[in-house]
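Trainee: I have a new model open and I'd like to learn how to read it. Could you walk me through it, feature by feature?

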Amino acid sequence: TLKYGPDLNNNDILDGSENFSITYEAGSVGTAANLPNAVTVAAGSSQTVTDNVPTAEDWLFIGWSVMPDEDYAGNSMPTGTGENFTMPLSNVTFTAQWTADENNDGVADSEQVTITFRIEGNTKGFAEFTHADQTWPDGTTADIVTRQTPGAALIYPQGVETPDDNIAPEGWNPPLPANVPGTNTMYTLTY
């Protein structure tokens with residue numbers, strides 16, 4: 001029996017009989033968790049961009065780039081999770097796109113400011129302080145540098161208690177606001 005159907009690439013094979021792969025790659029981060037395995041599907045079949053959200057240390061997933069640019073029907077290929085497309089007459093590669101999140105707090109570093117805390121006049125330093133995925137031990141005298149989101153509650157360290165040294169905190173300069181400012185700022189705790 002002779003079968004007729006579309007052969008858009010003119011290779012004398014019915015398009016629905018040709019199989020191509022869909023691959024998901026980690027992209028610039030090198031390796032990522034939660035990437036789906038490659039699948040092989042028929043050209044012209046209905047497909048969906050994976051709902052899996054890949055993860056990589058110090059990075060936030062922000063979407064996919066895709067090659068080729070058009071699906072079987074000539075429509076732009078989707079890049080959003082859960083979006084549908086018609087499998088083109090070629091392999092499809094979705095590549096994860098990332099933005100930095102070095103403190104692993106779930107907020108892009110580009111949306112945060114640098115907040116630095118300095119201590120002066122107290123050789124015992126700061127009390128233990130934890131922010132995002134970092135902990136500074138009790139007695140830290142070096143500057144504590146954090147990334148925080150403007151408008152969120154400011155998270156700040158305390159000085160180590162010094163009752164035996166006859167010194168007391170004079171306060172923060174500039175005074176600590178309730179919320180993170182919109183610019184990089186240094187706060188100094190003076191004793």
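This is a predicted model: local features need pLDDT of at least 70, side-chain atom pairs count only at pLDDT 80 or more; totals for chains, interfaces and linings use all residues.

Trainee: Is Thr-50 buried or exposed?

Mentor: The cut-off for buried is under 20% relative accessible area. Thr-50 counts as buried because its relative accessibility is 11%.

Trainee: Which backbone atom does the Thr-50 side chain reach?

Mentor: That side chain reaches the backbone nitrogen of Asn-52, at 3.0 Å. Setting aside neighbours within four places in sequence, Thr-50 is in contact with Tyr-24, Pro-36, Trp-64, Thr-81 and Gly-82.

Trainee: And Val-49, where does that one lie?

Mentor: Val-49 is in the loop between strand E3 (46–48) and E4. Val-49 has 1% relative accessibility, so it counts as buried. Again leaving out neighbours within four places, its contacts include Tyr-24, Trp-64, Pro-78, Phe-85 and Phe-94. Take Tyr-24: it is 25 residues from Val-49 along the chain, and their C-alpha atoms are 9.6 Å apart.

Trainee: Now the core. Which residues have the most contacts inside the largest nonpolar core?

Mentor: That core has 19 residues, and those with the most contacts inside it are Ile-22, Trp-64, Phe-85, Met-87, Val-92 and Phe-94. Strands E1 (19–25), E4 (59–67) and E6 (92–100) each give two or more residues to this core. The largest share, four residues, comes from E6.

Trainee: What does Phe-94 touch?

Mentor: Not counting residues up to four places away in sequence, Phe-94 touches Ile-22, Val-49, Trp-64, Met-77 and Phe-85, among others. Apart from this core lies another one, with 14 residues, among them Phe-117, Phe-129, Val-180 and Tyr-191.

Trainee: On to sheets. What is the strand order in the open sheet of four strands?

Mentor: The order is E2-E1-E6-E4, and the pairing is mixed. Strand E2 (39–42) and E4 are the edge strands, each pairing on one side only. On average, neighbouring strands in this sheet are turned by 25° against each other, direction ignored. Inside the sheet, E1 and E6 pair in the parallel sense over four bridges. Tyr-24 stands opposite Phe-94 in E6.

Trainee: How do I read the two faces of a strand?

Mentor: In a regular strand, side chains alternate between the two faces of the sheet. E10 is joined to strand E7 (residues 113–120) by five bridges, and the two run antiparallel. Val-145 in E10 is the bridge partner of Thr-116.

Trainee: What about backbone angles?

Mentor: Most residues other than glycine have a negative phi, and most peptide bonds are trans. Asn-34 has a positive phi, near 70°, and is found in the loop between E1 and E2. At 43% relative accessibility, Asn-34 counts as partly exposed. Asn-104 has a positive phi too, about 55°, and lies in the loop between E6 and E7.

Trainee: Which residues does the cis peptide bond with omega of about 5° join?

Mentor: Met-67 and Pro-68. Pro-68 lies in the loop between E4 and strand E5 (84–86). A cis peptide bond also joins Asn-173 and Pro-174, with omega about -10°. Pro-174 is in the loop between strand E11 (171–173) and strand E12 (185–190).

Notes: Residues are numbered from 1 along each chain as its sequence is written. Side-chain values use heavy atoms; hydrogens and water are left out. A nonpolar core is a set of buried Ala, Val, Leu, Ile, Met, Phe, Trp, Tyr and Cys residues joined through side-chain atoms within 4.5 Å. Buried means under 20% relative accessible area, exposed over 50%, partly exposed in between (1.4 Å probe, protein chains only). Contact means heavy atoms within 4.5 Å. Two strands pair if DSSP finds at least two bridges between them. Axes are lines fitted to C-alpha atoms, for helices over the stretch in contact, and angles run from 0 to 180 degrees between N-to-C directions. A polar contact is a pair of N or O atoms within 3.5 Å; within protein, one must be able to donate a hydrogen and the other to accept it, and residues adjacent in sequence count only if both atoms are side-chain atoms.
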